[in-house]
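Subject: A structure for you to look at

Hello,

Here is the structure I promised. Please open it first, then read my notes beside it.

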Amino acid sequence: MAGKGASSDSDLLRVSDEDGAAVEALDRQAARRAAAAVAAAAEPSPSFFEGFALQGIRVDSIHPGRILCSFTVPTRLAAGNHHLAPGAVVALVDEIGSAAAIADGRPLKVSVDMSVSFVDLAAAAPGDTLRIAARALGHRGAYSGTHVLVANAATGQVVAEGRHSLFGKMKTRSKI
């Protein structure tokens, strides 16, 4: 059985010709911005919280308006050492949702509203790997909406679901 798991792990690392062509067609700058938004925790973060809560996120695939990530729940983010803390889930929805909003080349935006339903936090125990799928629901002017689904990778059980609204292209004028 261990051999079977090893071959499936190598299959996860293999990129199909179709996926490779899709990645090549992406606006490379947009892809870099989206990946940087998600992987910010891997580098020193200007925010202690972002670095603490988001360290370890892996970008598995990125397409215009969509991003798929994986994340192994660390003990530092466990509520009472039993399951992923709700605040950490909200941080994941915020960061991954933001990345989906800019994955098609749109400018960076700020969060204006977020709604997270905690379906089953017990499905995210320390050591469990989560799959986080986010997609842009649409863009209207400077406003964007995203949907983020957090699920246990092994069982498929939904941990949380979030909707995220963002706004960008803000202009400031000085009245001085």
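Helices (H or I, at least four residues) and strands (E, at least two) are DSSP runs, numbered from the N terminus. Thr146, for instance, is found in strand S7 (residues 143-152).

Two notes on sources. This is a predicted model, in which local features need pLDDT of at least 70, side-chain atom pairs count only at pLDDT 80 or more, and totals for chains, interfaces and linings use all residues. Residues are numbered from 1 along each chain as its sequence is written, and side-chain values use heavy atoms, with hydrogens and water left out.

**Confidence**

pLDDT is the predictor's confidence in each residue, from 0 to 100. Its mean over the protein is 79, and 68% of the residues reach 70 or more. Confidence is lowest in helix H1 (residues 2-13), with a mean of 53. It is highest in strand S2 (residues 66-72), at 93. Over residues 1-5, pLDDT stays under 50. Where pLDDT is low, the predicted coordinates should not be read in detail.

**Overall layout**

The protein has five helices and eight strands. Along the sequence they follow the pattern α-α-α-α-β-β-β-β-α-β-β-β-β. Take the contacts between residues at least 6 apart in sequence: 65% of them join residues at least 24 apart.

**Inside**

Buried means under 20% relative accessible area, exposed means over 50%, and partly exposed is in between (1.4 Å probe, protein chains only). Buried residues make up 35% of the 176 residues.

A nonpolar core is a set of buried Ala, Val, Leu, Ile, Met, Phe, Trp, Tyr and Cys residues joined through side-chain atoms within 4.5 Å. The largest one here has 30 residues. Ile67, Leu84, Leu130, Ile132 and Val159 touch the most other members. Two or more residues come from each of helix H4 (48-54), S2, helix H5 (86-102), S6, S7 and S8. H5 gives the largest share, eight residues. In soluble globular proteins, nonpolar side chains tend to be buried together.

Back to Thr146. It counts as buried, at 1% relative accessibility. Leaving aside neighbours within four places, its contacts include Gly97, Ala100, Leu137 and His164.

Gly168 is found in strand S8. Gly168 is buried too, with a relative accessible area of 1%. Beyond four places in sequence, Gly168 touches Leu108, Lys109 and Ala142. Gly168 and Arg106 are 62 residues apart in sequence, yet 9.0 Å apart in space, C-alpha to C-alpha.

**Surface**

Accessible areas come from the Shrake-Rupley method with a 1.4 Å probe; for residues, only the protein chains shown count as cover. The protein's total is about 10100 Å², and 55% of that belongs to carbon and sulfur atoms.

How many salt bridges (a side-chain nitrogen of Lys or Arg within 4 Å of a carboxyl oxygen of Asp or Glu) does the structure hold? It holds one. Arg131 pairs with Asp60, and their closest N and O atoms are 2.6 Å apart. The pair links distant parts of the chain: Arg131 sits in strand S6 (residues 129-140) and Asp60 in strand S1 (residues 58-63), 71 residues apart. Arg131 is partly exposed, at 32%. Asp60 is partly exposed as well, at 37%.

Best wishes

How values were computed: Contact means heavy atoms within 4.5 Å.
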